[in-house]
Every structure is written in structure tokens, then in C-alpha cells.
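Here is a short briefing on a protein chain. Please look at the structure first, then read the points below.

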Amino acid sequence: LKQAYSASCRSARPCPSLAGGFGGMEPDEKKRKREAAATVSGKDILDSIVKNMKTVGDRGAPEVAATAAASSAVPVRCRHCPLRWAGGCHSDGPVRDLQEHLLNDHKFATRNKLPVKKHFCTSSGFEGAREWGHLVTLRGHTLAYVIGYQPSVSKTHGFVSIFAMQHSDAQALGPISVSIAPVVLKDSAGVRAAQFSWSEVPHANADVEQVAGLFPIKLFSSRLAEGKPHERAVEITIQTEVS
């Protein structure tokens, strides 16, 4: 981008170090050169920048990075928080900016990629609610996922909820699946794993509660072998066709 923008600027404005350096040039010729340089319009510069911003995906389909970035920067409004059903949200009214709400009120963190055999740990047991939430942007489409436990919802099961910011993001991301397994199999009381899949990622303004996945908290296994006897952990893998 810097190269494209600099090249356009050089053609639109004479270099100060060279201005007036050609004593033998006729005034009319100077004037014609200035007028020719001035014909480079703002549209030409913009077209050059956009052309250089285009990237090609794995399947050879071009996409404009600037458009994706602008789309993800637009605040997403919701009728209410998509995680209100899980009991961890104190906001009853509309949400003006969903990403800001998740980051500030739910303490979500941003990640560069989806989890693959990622361990989610708790040292507080299951006396109270727990929530791990992350935001991931895949090719300009933002996805939220949360692993949690809420005794008011279930005392024997945790939950996994995944949703895109907007319906258009959900359509672009397509199918998605989640695999939940104990870190130490022998500590899971015979429960080997839980798997969930969606033909299309749910979006924030849909009924996210109805498509959330529930898994036994027995999948949280002890970390005694790691020297952390007071902690329990579960292994999460989330996969989608868009990476």
C-alpha cells in the first residue's frame, strides 16, 4: 500500500529537490509538465490502492481486504445479549456494540485462530459459574465462542455456545464443529468425549440458547499429573471450513 500510494504521490507532485534544477527548460514546457502531472486524480490513486489491497484466498477467489476490515469494524447491534440465557449477563436491554459488550462486560479475549486441542482450566471447581469466551476473525468474519458452566442452567453439564456477529458472517463461515474431551481419559468416569456440529454457524440475533451444546462436567479431568491437583481441565477443538 505504501508503495502504491507513494508512487501516485510522486507523479502528482514534483520532487522538491529537483524543482527549479533545470535552468534551460522553457516556461511553457514546465507548465505543460505540471498540467500533465495534475491529471492524476484522487480516483486513480484510490483505484491503485484498492488493486494492491486485493488478496487471493486458498481457492483462488479474490477478496478485498479493505472491505472485510471495514465490515468487521461496524458496530453490531442486538436486541439483547446472546448470552443472557446463560445467566452471566446483567444487561437486559439492547446491545449497541456486541463486540465491545463481549470484551468489556463478559471479559472475552481475542485470538488469532480457533482452538485445537486447547486446554480450558478451572481452579475454583464447580461451586459457581465459570465462563471462557474468545473472539476470532476468520477472513474478515468475526466469530465468538464461549465455554461455560452455570449451575442455574445445569449442575451436571457445562455448555458451549458459538455464534457469528451477523447473518452474513454466518453464511460465509458455513459449517462448524466442536469436540470436547478430557485431558486425562481415566479421570472422566467413562465419558470419552462430546461432539457438536452445526450446518451453519448461528448468528448473534438468532436464538443462540436453542443451538447451544451441553456436555457433562465429568469431562473436566484432574491436572494432578501436571502438579496442579486443585485444577481441572477440558480439551477443546473447534473446526470450520474457513481457516
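**Sheet, rings and cores**

β3 and β5 pair in the parallel sense, over three bridges. The model is predicted. The points below cover the sheet, the aromatic pairs and the nonpolar cores.

**The sheet**

- On to the next pairing: β5 and β6 run antiparallel, over nine bridges.
- Leu-135 takes part here too, with Ala-144 of β6 as its bridge partner.
- β5 and β6 form a hairpin with two residues between them. Arg-139 sits in the turn and has a positive phi of about 50°.
- Five strands make up the open sheet, in the order β3-β5-β6-β7-β10, with mixed pairing.
- β3 (109–111) and β10 (213–216) are the edge strands, and each pairs on one side only.
- From one strand to the next, the twist averages 25°.
- Strands of a sheet pair through backbone hydrogen bonds, either parallel or antiparallel.

**Aromatic pairs**

- The whole structure holds seven aromatic pairs.
- Phe-120 and Trp-132 pair edge-to-face, at 6.3 Å centre to centre and with 75° between the planes.
- Phe-120 lies in strand β4 (residues 118–122) and Trp-132 in strand β5, so this pair ties together parts that are 12 residues apart in sequence.
- Is Phe-120 buried or exposed? Phe-120 is buried, with a relative accessible area of 2%.
- Trp-132 also counts as buried, at 13% relative accessibility.
- Trp-132 and Phe-220 form a stacked pair, at 6.0 Å centre to centre and with 25° between the planes.
- That pair links distant parts of the chain: Trp-132 is in strand β5, while Phe-220 is in the loop between β10 and β11 (221–223), 88 residues apart.
- Phe-220 is buried, as is Trp-132.
- Ring pairs join Phe-120, Phe-126, Trp-132, Tyr-149, Phe-215 and Phe-220 into a cluster.

**Nonpolar cores**

- The largest nonpolar core has 30 residues. Those touching the most other members are Ile-162, Val-178, Ile-180, Val-201, Phe-215, Ile-236 and Ile-238.
- Elements that each supply at least two residues of this core include β5 (130–138), β7 (157–164), α6 (167–173) and β12 (228–240).
- β6 gives the most to this core, with four residues.
- Beyond its neighbours within four places in sequence, Phe-215 is in contact with residues including Ile-147, Phe-159, Val-160, Ile-180, Phe-196 and Phe-220.
- A second, separate core has 19 residues, among them Cys-81, Ala-86, Cys-89 and Ala-144.

Methods. Residues numbered from 1 in each chain as written. Predicted model: local features only at pLDDT ≥ 70, side-chain atom pairs only at ≥ 80, totals over all residues. Heavy atoms only, no water. Core = buried A, V, L, I, M, F, W, Y, C linked by side-chain atoms within 4.5 Å. Buried < 20%, exposed > 50% of the residue type's maximum accessible area, 1.4 Å probe, protein only. Contact = heavy atoms within 4.5 Å. Pairing = 2+ DSSP bridges. Axes fitted to C-alpha atoms, helices over the stretch in contact; angles between N-to-C directions. Phe/Tyr/Trp six-rings, centres within 6.5 Å; stacked < 30°, edge-to-face > 60°.
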